[in-house]
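This report describes the fold, the packing and one selected residue of a protein model. Please consult the sequence and the coordinates shown here.

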Amino acid sequence: INLENMKEIYGEGIIKVIIDNEELIKENVKTLEKYKFNDIEDIIERYPTLLMNFPKQFEEKIKKLKKIYGEDFVNIIENDMSILENVEK
């Protein structure tokens, strides 16, 4: 994960937020791995606040995406990560 790039995009405070939420992020990364996401680093760098949801809430958001986009949802999302912008809110 390119923390310098994230700092440039989101400001200095994002580093502290990431460190403070390290355990949440680790649990949510496990969820992304469970659903076979390949581009996890890019997801973290583009949508860091998405991974700061409580793990159960985060997995519910992923399940919702699967329901909306079907079995190929990971491929669809990885080809158009802007889909995650609405999930992040």
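In which helix is Asn 28 found? Asn 28 is found in helix H3, where helices (H or I, at least four residues) and strands (E, at least two) are DSSP runs numbered from the N terminus. This is a predicted model, in which local features need pLDDT of at least 70 and side-chain atom pairs count only at pLDDT 80 or more, while totals for chains, interfaces and linings use all residues. Residues are numbered from 1 along each chain as its sequence is written, and side-chain values use heavy atoms, with hydrogens and water left out.

Asn 28 is buried, its relative accessible area being 0%; buried means under 20%, exposed over 50% and partly exposed in between, with a 1.4 Å probe and protein chains only. Not counting residues up to four places away in sequence, Asn 28 touches Leu 51, Met 52, Asn 53, Phe 54, Pro 55 and Phe 58, contact meaning heavy atoms within 4.5 Å.

**Overall fold**

The protein has seven helices and zero strands. Its radius of gyration, taken over C-alpha atoms, is 13 Å, close to the 12 Å from the globule rule for 89 residues, so the protein is as compact as a globular protein of that length. That rule is 2.2 Å times the number of residues to the power 0.38.

| Property of the protein | Value |
|---|---|
| Span of the C-alpha trace along principal axes | about 35 × 25 × 20 Å |
| Residues that count as buried, of 89 | 42% |
| Contacts joining residues at least 24 apart, among those at least 6 apart in sequence | 67% |

**Nonpolar core**

A nonpolar core is a set of buried Ala, Val, Leu, Ile, Met, Phe, Trp, Tyr and Cys residues joined through side-chain atoms within 4.5 Å. The largest one holds 26 residues, of which Leu 32, Phe 37, Leu 51, Ile 62, Leu 65 and Phe 73 touch the most other members. At least two residues of this core come from each of H2, H3 (22–34), H4 (40–46), H5 (55–69), H6 (73–79) and H7 (83–88). Leaving aside neighbours within four places in sequence, Ile 62 is in contact with Thr 31, Leu 32, Tyr 35, Phe 37 and Phe 73.

**Packing of H1 and H2**

The axes of H1 (residues 3–10) and H2 (residues 13–20) come within 8 Å and cross at roughly 120°; axes are lines fitted to C-alpha atoms, for helices over the stretch in contact, and angles run from 0 to 180 degrees between N-to-C directions. The contact is made by Leu 3, Met 6, Lys 7 and Tyr 10 of H1 with Ile 14, Ile 15 and Ile 18 of H2.
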